[in-house]
Amino acid sequence: MPEPPKVKRQLAVVFDMNKCLGCQTCTIACKTLWTDQEGMEYMWWNIVSTMPGQGTPKGWQEMGGGFSDGAAQVSRIPAVREFGQAWEFNYDEVFYGEGGLNSYLQPKTGEDDWGPLWDEDQASGDYPNSYFFYLQMICMHCTNPACLAACPRQAIYKRVDDGIVLIDEERCNGYRFCMEACPYKRIYFNHSQKVAQKCILCYPRIEQGVAPACFRQCPGRVRFIGFLDDPDSAVHKLVKVWRVALPLHPESGTQPNVYYVPPLSPPLYDDDGEVIEGSERIPREYLESLFGSDVNRVLETLKAEVAKTRAGEKSEMLDTLIAYEWKSMFGGLTRDPGKLKRPT
Amino acid sequence: MVTAARIPAPGERLLDAAAPEWAAAAEETLSLQPTPWASQPSEYARNAWKDRPYGQTATVRVAAAHNGEVLFFRLDWQDETKDDGLRDTTQFADGAAVLFPVRGDAQLQTMGSPEQPVNAWYWRADLEAPLEITATGLGTTVRLKDGSVSAAGSHEAGAWRVVISRPFSVRGDGIAVLAPGQSGKVGVAVWQGSNQERAGIKAVTLDWQPLEIQE
């Protein structure tokens, strides 16, 4: 495994999974800002998947990549169809054509059995104990990016001042070793430009003191951002002080800088429809498979804080997670993008 | 030995591999080998291709010609599948390149060095135009902006036939200067898109081949 690139500071992200509505406003904020050009149709630099589920691309958690015992792990390039094809639909035929009652809405390429967010809101478990939760995915802007190490051309770099991982499209030759090596499968290939592309953490906004679009647009106040070493930032408190936010698949070995507050569960019902006190709908083993065994400590901490507030006490941690004031979430990246001078 | 015969024909004729003028050029069969596994410039690429065959194109037939102004190479190699589009993320295109030392003792195996660059004319089946490339070591290729390389390729009966050419007059940083009457060196590389070959995952002439450009 290569030495991690040296940076002066690292921006980090916390997603509070307990607050996510699954509305995909973040996804659309990103899409309209960055990936609405030709060759980017199937790209979702930000995506919210339903878990347990296949995720995006389909089955990415079983694809490999990253590092294990210091060695780069072999993986493969996900196909467009696994990410989910950007279908065109037969609107003309259904609404204006002669199909009338005989046709129905479907992709122009015909019926399919997989597509973008195909398993959205599909629950696991049996009614009435079914459950699901949302997993917010962007580039993890890893401390030791497997994509960066895999590129034979040094086309990927980590910015010294904020640790954002970027692909230099001038250097990129479209070899796609990065897509293979990324254990989170967050890199796409632009078929028109013939280069790899991914979430850039809205670095042009960051440089102007504005939070990334998916953060700023989130109606559920799920998304926190800030410098990990800034003691006043919410991310520092959640990750370093209270330690209630965990990296996804820490075993990937890349030290991701996106952290998750794991989901608390509603209780289970017994056969008589009575609540089983102290039970949890989401199996701990499943959450451990995502976040490692440390998730148990975090969930107990969160439950204790909830109990505290129910007993009438204050919890700075829960107040931070609730985010009564949105500006508290962004580590100072609170400038109004509407007031910036537009590039000409 | 690759000998570029002087053939008095217009450039557009010699860019056509099927033109009868090519009959005057001698054809040489060069053997190719996979690029050494240990010299792949990233650990990921090494691990991913450790047990995966690549660079299996055993030979390439090379003919060369010039008309006093432009130098042409005609390459023929076996490739059962024609990969000329990138319709999916998993697809890679077939490609070929001829490589020259910019100065006398640049090394082919290392793709040159900072002091001794190499210069390639690179054709790829999905690109509208071939590229002129310079490199100063593994993983350092740079595409030169002023594209003076021309190429034409066709795939028939399980084989590619590509003519790739450049005027003698081109000059610049990282450009190999070639001229009629000159002796030099040339290398050839072939990528099989169907096997996801790209970058250092390719078949190459393991060392320079002597190149003779007729007066």
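Q: What conventions apply to the numbering and to the predicted model?
A: Residues are numbered from 1 along each chain as its sequence is written, while chains are lettered from A and ligands numbered from 1 in the order in which they are written. The model is predicted, so local features need pLDDT of at least 70 and side-chain atom pairs count only at pLDDT 80 or more, whereas totals for chains, interfaces and linings use all residues.

Q: What is the mean pLDDT of chain B, and what does the model score?
A: pLDDT is the predictor's confidence in each residue, from 0 to 100. Chain B has a mean pLDDT of 96, with 100% of its residues at 70 or more. The model scores ipTM 0.95 and pTM 0.95.

Q: How does the radius of gyration of each chain stand against the globule rule?
A: The radius of gyration is taken over C-alpha atoms, and the globule rule is 2.2 Å times the number of residues to the power 0.38. For chain B the value is 16 Å, close to the 17 Å that the rule gives for 215 residues, so chain B is as compact as a globular protein of that length. The C-alpha trace of chain B spans about 50 × 40 × 30 Å along its principal axes. Along the principal axes, the C-alpha atoms of chain A fill a box of roughly 60 × 55 × 50 Å.

Q: Is H66(B) buried or exposed, and what is it in contact with?
A: H66(B) belongs to strand β4 (residues 59-66) of chain B. With 25 C-beta neighbours inside 10 Å, H66(B) counts as buried. Beyond its neighbours within four places in sequence, H66(B) is in contact with A4(B), R6(B), L71(B), F72(B), P180(B) and I213(B).

Q: How does V142(B) in strand β9 read by these criteria?
A: V142(B), in strand β9 (residues 142-143) of chain B, is partly exposed, with 16 other C-beta atoms within 10 Å. Leaving aside neighbours within four places in sequence, V142(B) is in contact with I133(B) and T134(B).

Q: Where are the nonpolar cores?
A: In soluble globular proteins, nonpolar side chains tend to be buried together. A nonpolar core is a set of buried Ala, Val, Leu, Ile, Met, Phe, Trp, Tyr and Cys residues joined through C-beta atoms within 7 Å. The largest core has 98 residues, and those with the most contacts inside it are V14(A), C147(A), A150(A), C178(A) and A181(A). Apart from it lies another core, of 50 residues, including A97(B), A135(B), V186(B) and I213(B).

Q: Why is helix α8 of chain A described as largely enclosed?
A: Of the 8 residues of helix α8 (residues 234-241) of chain A, 6 are buried, so the helix is largely enclosed by the rest of the structure. The buried residues are A234(A), V235(A), H236(A), K237(A), L238(A) and V239(A). Their cover includes β1 (11-16), β10 (223-227), β12 (258-261) and α11 (316-322) of chain A.

Q: In what order do the strands of the open sheet in chain A run?
A: Two strands pair if DSSP finds at least two bridges between them. Here 4 strands form an open sheet in the order β10-β1-β12-β11, with mixed pairing. The edge strands are β10 and β11 (246-247) of chain A, each pairing on one side only. β11(A) and β12(A) pair in the antiparallel sense over 2 bridges, and P247(A) stands opposite Y259(A) in β12(A).

Conventions. A residue is buried if 20 or more other C-beta atoms lie within 10 Å of its own, exposed if 12 or fewer, and partly exposed in between; C-beta atoms are placed from the backbone. Two residues are in contact if their C-beta atoms, placed from the backbone, lie within 7 Å.
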